[in-house]
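Here is a friendly walk through one protein model. Take a moment with the picture, and then read on for its fold, its helix packing and its charged pairs.

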Amino acid sequence: MNKVNMTEGLSNAEVEEQKRLGNLNIMTVKVGNSNKDIIIKNSMTLFNLLNLVLAVVLFIIGSYKNMLFIFSIISNTSIGIYDVKSSF
């Protein structure tokens, strides 16, 4: 390739030659994670797994009042999902 003058750039003929050779300057931009990825990343955490196990144990032994912490886990996960989705 010829040395290019950085102040003038390529001539039209040089541009067409580069296009013909397949040397295009195309950028691909990934916007962000898919909705599925965002939900999985916010839902499948060690913290949520531990709380789910505790909730199952409490459900089995019949201590339903002590399972109210599940609502804070659900709201925390929902806020995390909403926060990530609204930042795009």
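## The overall fold

Read along the sequence, this protein follows the pattern α-α-α-α. It holds four helices and zero strands, where helices (H or I, at least four residues) and strands (E, at least two) are DSSP runs numbered from the N terminus. The radius of gyration is 27 Å, well over the 12 Å that the globule rule gives for 88 residues, so the protein is more spread out than a compact globule. Here the radius of gyration is taken over C-alpha atoms, and the globule rule is 2.2 Å times the number of residues to the power 0.38. Along the principal axes, the C-alpha atoms fill a box of roughly 80 × 20 × 15 Å.

Please keep in mind that this is a predicted model, in which local features need pLDDT of at least 70, side-chain atom pairs count only at pLDDT 80 or more, and totals for chains, interfaces and linings use all residues. Residues are numbered from 1 along each chain as its sequence is written, and side-chain values use heavy atoms, with hydrogens and water left out.

Buried residues make up 12% of the 88 residues; buried means under 20% relative accessible area, exposed means over 50%, and partly exposed lies in between (1.4 Å probe, protein chains only). Among contacts (heavy atoms within 4.5 Å) between residues at least 6 apart in sequence, 51% join residues at least 24 apart.

## Where H2 meets H4

Two packed helices are described by the angle between their axes and the distance between the axes. The axes of helix H2 (residues 35-43) and helix H4 (residues 69-86) come within 9 Å and cross at roughly 145 degrees. These axes are lines fitted to C-alpha atoms, for helices over the stretch in contact, and angles run from 0 to 180 degrees between N-to-C directions.

Which residues in H2 and H4 meet? From H2 come Asn35, Ile38, Ile39, Asn42 and Ser43, and from H4 come Thr77, Gly80, Ile81, Val84 and Lys85. The residues of this contact divide into four nonpolar, five polar and one charged. In this grouping, Ala, Val, Leu, Ile, Met, Phe, Trp, Tyr, Cys and Pro count as nonpolar, Asp, Glu, Lys and Arg as charged, and the others, Gly among them, as polar.

Lys85 lies in helix H4 and is partly exposed, with a relative accessible area of 38%. Not counting residues up to four places away in sequence, Lys85 touches Asn35 and Ile38. The C-alpha atoms of Lys85 and Ser34 are separated by 9.2 Å, although the two residues are 51 apart along the chain.

Val31 sits in the loop between H1 and H2 and counts as exposed, at 70% relative accessibility. Its C-alpha atom is separated by 22 Å from that of Thr77, 46 residues away along the chain.

How many salt bridges does the model have? The count comes to two, a salt bridge being a side-chain nitrogen of Lys or Arg within 4 Å of a carboxyl oxygen of Asp or Glu.

| Salt bridge | Distance, N to O |
|---|---|
| Glu16 and Lys19 | 3.9 Å |
| Glu17 and Arg20 | 2.7 Å |

Glu16 and Lys19 both lie in helix H1 (residues 12-20), three residues apart, about one turn of the helix. Glu16 is partly exposed at 48% relative accessible area, and Lys19 is partly exposed at 47%. Glu17 and Arg20 are also three residues apart in helix H1, so about one helical turn separates them. Glu17 counts as partly exposed at 33%, whereas Arg20 is exposed at 59%.
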